[in-house]
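Dear colleague,

I am handing over the structure we spoke about, and you will find the sequence and the coordinates just below. My notes on what was found in it follow after that.

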Amino acid sequence: MKIGVIGGGAWGTALAQVAAHRGEPVTLWAREPEVVEGINAGHENRLFLAGVPLSPSIRATADVGDLAACDALLVVAPAQHVRGVLSQIAVGTRPLVLCAKGIEAGTRLLVGEVARQVHPQAPVAVLSGPTFAHEVAAGLPTAVTLAAADEALGRALSERLAAPQFRPYASRDVVGAEIGGAVKNVLAIACGVVDGAGLGQNARAALIARGFAEMTRFGLARGARAETLAGLSGLGDLVLTCSSTSSRNFSLGVGLGQGRAAADLLADRRTVAEGAFTAPVLREAAAAAGVDMPVTAAVCRLLEGAPVDDVIGALLARPLRQEAS
Ligand SMILES: NC(=O)c1ccc[n+]([C@@H]2O[C@H](COP(=O)([O-])OP(=O)(O)OC[C@H]3O[C@@H](n4cnc5c(N)ncnc54)[C@H](O)[C@@H]3O)[C@@H](O)[C@H]2O)c1
Ligand SMILES: O=P(O)(O)OC[C@H](O)CO
């Protein structure tokens, strides 16, 4: 199965490295000419994954036509750009493996749902889990959820992408795998706020647990399975991104917690903090589904410029409730 990767950011590059680990040819489409040039000439993506020597089997291209020879396409553009990028590519019936984590603004669609709208004949799979790109690219042990409604497709993709240090776990719960990845980015911002505002380790653990409760409420309302939400793509990724400044979402939250403005923190960033874009659309989607998501609502208020003390005070002053509700 010849793999094509759409998106030359940190994660697309790391996944190309995984797919090329046995020396198989991999085609990587990137928007930035300097990324294409750097990978082909020097086997390095200096813009998004500097310092990692890449396999010479990875060939980068700026021409989407070069993806025509691939049997399966990994979609690794940021969630808000998946529709635009996929619209440029003739996909037909080839499988699309969605690796972005987010919900599309305006439509409130998960990226897999966007892919189905743009390419209705393409089978869809989702690859998601606790995966810092620099660790995966460095060959450190990593496990992911690989979800596909078609079990045979899920098995074929898992076998093709598995590497000694990269272990996919198969699932048929595409929606569950997507919701975990999208929601955890918003919750990681909240955990960063706790860190930046110096609220302590108890508060961080409380946020992870209560954040997981709201991820679960939303996921179940949208048809996800509880086991998926408690697995690698849900709780696993939540724990990772709520614990480390290696997470762009957590780092954004640290800045917000220190009282800096979201607009300043997001200005001129080359890298993507998906939670900032997913938070407002997740709040809308939760309201539409009748699901209470107080941590998500608090993150939205902070992104809109509300003072940290006011937002945290309001979160703590809510009426007491049953833990299981
Ligand atoms: N970096 C990670 O560790 C990691 C791990 C798992 C999943 N992801 C997810 O992968 C997706 C891509 O993130 P990344 O970390 O590879 O990106 P990145 O932050 O490293 O790079 C930004 C990417 O956005 C692209 N981009 C910017 N403007 C664009 C536009 N107008 N149209 C199309 N593309 C545009 C750039 O070309 C580049 O590929 C995100 O959804 C992210 O949540 C990232
Ligand atoms: O840096 P972040 O916050 O986008 O997190 C990257 C990955 O999603 C971690 O699994």
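Helices (H or I, at least four residues) and strands (E, at least two) are taken here as DSSP runs, numbered from the N terminus. With that naming, α10 gives the most to the shell around ligand 2, with three residues. Please keep in mind throughout that this is a predicted model.

To stay with ligand 2 for a moment, 13 residues lie around it, and those that come nearest are T131, T241, S247, R248 and N249. Two or more residues of this shell are given by each of α7 (174-196), α10 (232-241) and α11 (248-257). By class, the shell around ligand 2 divides into four nonpolar, five polar and four charged residues, and at least three of its residues are drawn from each of domain 1 (3-172) and domain 2 (175-316).

Around ligand 1 there are 26 residues, of which G9, W11, A100, A133 and T271 are the closest. Both α1 (10-19) and α3 (82-86) supply at least two residues of this shell, and the largest share, three residues, comes from α1. The shell around ligand 1 is made up of 13 nonpolar, nine polar and four charged residues, and here too domain 1 (3-172) and domain 2 (175-316) each contribute at least three residues.

Turning to the record, UniProt lists K101, R248 and N249 under "binding site", in an unreviewed entry. These positions are spread over 149 residues of sequence, yet they cluster in space, with a largest C-alpha distance of 12.9 Å. K101 is found in the loop between β5 (96-98) and α4 (111-118), and K101 counts as buried because 30 other C-beta atoms lie within 10 Å, where the cut-off for buried is 20 or more. Not counting residues up to four places away in sequence, K101 touches A79, S128, G181, A182, N185 and E274. R248, for its part, lies in helix α11 and is likewise buried, with 22 other C-beta atoms within 10 Å; leaving aside neighbours within four places in sequence, R248 is in contact with T271, V272 and A273.

As for the overall arrangement, the domain assignment of the chain gives domain 1 (3-172) and domain 2 (175-316), and the C-alpha centres of the two lie 24 Å apart. The contact between them takes 23 residues from domain 1 and 24 residues from domain 2. On the side of domain 1 that touches domain 2, at least two residues are supplied by each of α4, β6 (124-128), β7 (142-148) and β8 (166-171), with β7 providing the largest share, four residues. That side of domain 1 has 14 nonpolar, seven polar and two charged residues.

Over residues 173-305 the chain is 74% helix and 0% strand, and the end C-alpha atoms are 36 Å apart.

One last residue may be worth a look while you have the model open. A206 and C191 are 15 residues apart in sequence, and their C-alpha atoms are 9.6 Å apart in space.

With best regards

Methods
Residues numbered from 1 in each chain as written. Chains lettered and ligands numbered in written order. Predicted model: local features only at pLDDT ≥ 70, side-chain atom pairs only at ≥ 80, totals over all residues. Near = placed C-beta within 6 Å. Nonpolar A, V, L, I, M, F, W, Y, C, P; charged D, E, K, R; others polar. Domains from an automatic or database assignment. UniProt positions renumbered as here; feature names shortened; annotations may be inferred. Buried ≥ 20, exposed ≤ 12 C-beta atoms within 10 Å, placed from the backbone. Contact = placed C-beta atoms within 7 Å.
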